[in-house]
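The following note sets out several points for a colleague to check against the coordinates. It is arranged as numbered paragraphs.

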Amino acid sequence: MILTKEDFINAFSLYEEKALTHRRFKHRDILPLVKKRAAGRRWMVDEIGRSVEDRAIFRLKYGEGPIKVLLWSQMHGDEPTATMALFDLFNFFEAEGDGFDSWREELASKLTLYCIPMLNPDGAERFQRRTAMDVDMNRDARATATVEAALLKEQAMTLRPDFAFNLHNQNNYYNIPGTGTPVTISLLAPAYDYERSINTVRGDAMRVIVGINRLLQELIPGAVARYDDAHTPRGFGDNFQKWGARTILIESGAYAGDPEKLTVRRCNFAALLHAFQEIAAATYTRYDIADYAAIPFNDEKLHDVLIRNLEIVRNGKTMQVDVAIRQTEKTVGTDYYVDGIIEDIGDLQDFYGYTDVDVRGLQFIPAKVYTERRFLLNELLATMAVELLKKGYAAVLLSDKQDMGRLHSLPLRLLTTDHTLLKHNLMLNENADFFIGTAEEIRFAVVNGYLIDLAHLVERPMKNAVSAV
């Protein structure tokens, strides 16, 4: 039985783990899901160690085949997409009576899967890249100073896997070269030396990637790239390749309109199932390494917002510039808000934006704070916000300082004190709050880095926070 793209899509819809729907889940959220696997008959669950803050790190095993495959995710605590996909896979492999049974049985007879679904639980708790010791675990394969890195190396030495999948997230600003298309999945067969040599092990990893890419091109055409292949002697992927495991890096990127990366998660699910199928059947050996080399490298020319040909005045001189804005996420528990910052000003013709607009003929207009009255947070409505925006007000004052830090989705800055957050000029590395239009009419509002077309209002999710400074 050979699974097709449609099979993978159907399987994902059946077995998506509904308990994980946002990126900032914690170790406590996966514990009941791991216990559920331990109570079943398909997966064998072992606690292989504990983090420096004493959180359990688990390894789940499926199958009894001679080919050993090791997968680990979330060695960076703020890179959870593949963790979600692994729990989807756990559901899939534990099911039966759905038409996939013979496929599962064949896979279990040929492969033994070992999965470590959250290698850095302390980092996940904080939604940060590094461990609780402030060490980047993926730069600790050589020294193994961290408890968690030592655990992963121990698994490598004990299991001696034939294949290894190093599962990560990359930033949202990688694009396919020459296009504004975000890279949704990035792939790499890491180099085991500075010369980027290709031996049998690395060559096989490249061939597996060719097979993965063929499937992904059906799911996300033109949205797959290669990650930088510079050798990192302290990195785990590079060392696993050196240790003899055919190592595949999968970086979860971005898909427009998918802030929680649920579409990217589905791509992980399908890519991994397809890779298992190729490995079990050894069909990857038919592929040409040249097809791996043909996958384009990541470019990094995307911004959250790109405003083209904006007229500004500085020191009495008028000029036209492009403006790039980045919306940096700030974590609050299991939620987040963004901090919209002006990242670049100038000639940005070769760059792209998720929101990309040409405002030729329009000019920069400073934003104002509405000070005629103070509001309670619960009395502010989106319709009121739009009316204020049309009059050039990007911020209002709140009467209750206890609202400071609260999250909201209104297209306004909500302030608890009157301050100088709003600038009179377009300034690099400052908050992105201003208007665009003419002396007669405001056409666009930019509030906390979100661009709002006041002539064609479209409701969009915004992640803002009440501010005091």
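1. The structure holds 36 salt bridges, a salt bridge being a side-chain nitrogen of Lys or Arg within 4 Å of a carboxyl oxygen of Asp or Glu. This is a predicted model, in which local features need pLDDT of at least 70 and side-chain atom pairs count only at pLDDT 80 or more, while totals for chains, interfaces and linings use all residues. Residues are numbered from 1 along each chain as its sequence is written, and side-chain values use heavy atoms, with hydrogens and water left out.

2. Arg 42 and Glu 96 form a salt bridge through their side chains, at 3.3 Å from N to O. Because Arg 42 lies in the loop between helix H2 (27-39) and strand E1 (44-50), and Glu 96 in the loop between helix H3 (81-94) and helix H4 (101-110), the pair ties together parts that are 54 residues apart in sequence. Helices (H or I, at least four residues) and strands (E, at least two) are DSSP runs, numbered from the N terminus. Arg 42 is partly exposed, at a relative accessible area of 22%; buried means under 20% relative accessible area, exposed over 50%, and partly exposed in between (1.4 Å probe, protein chains only).

3. A salt bridge also links the side chains of Asp 299 and Lys 301, at 3.1 Å from N to O. Asp 299 counts as buried, with 19% relative accessibility, whereas Lys 301 is partly exposed at 24%.

4. For Arg 413 and Asp 433, the side chains meet in a salt bridge at 3.0 Å, N to O. Arg 413 belongs to strand E17 (residues 413-415) and Asp 433 to the loop between E17 and strand E18 (434-437), so this pair ties together parts that are 20 residues apart in sequence. Arg 413 is buried, at 8% relative accessibility, and Asp 433 is buried at 3%. Elsewhere, salt bridges with shared partners join Arg 28, Glu 53, Arg 55, Asp 122, Glu 125 and Arg 126 into one network.

5. Which residues form the positive surface patch? They are Arg 130, Arg 142, Arg 234 and Lys 242. Patches are made of residues with over 30% relative accessible area and no salt bridge, like charges being joined within 9 Å and nonpolar side chains (Val, Leu, Ile, Met, Phe, Trp, Tyr) within 5 Å. Arg 130 sits in the loop between helix H5 (121-126) and helix H6 (147-159), and its relative accessibility of 39% makes it partly exposed.

6. A nonpolar surface patch consists of Val 52, Met 133 and Val 147, which together have about 250 Å² of accessible area. Met 133 is located in the loop between H5 and H6. Its relative accessibility is 52%, so Met 133 counts as exposed.

7. Strand E15 (residues 393-398) is mostly covered, as 6 of its 6 residues are buried. E15 runs parallel to strand E14 (residues 368-375), and 5 bridges join the two; strands pair if DSSP finds at least two bridges between them. Within this pairing, Tyr 393 of E15 is the bridge partner of Lys 368.

8. Ile 289 is placed in helix H10 (residues 289-293) and is partly exposed, with 23% relative accessibility. How far apart in space are Ile 289 and Arg 360? Their C-alpha atoms are 46 Å apart, and the two residues are 71 residues apart in sequence.

Definitions and conventions
Areas by Shrake-Rupley, 256 points an atom, 1.4 Å probe, with all protein chains shown as cover. Lys, Arg positive; Asp, Glu negative; His and termini not counted. Charge placed at Lys NZ, Arg CZ, Asp CG, Glu CD.
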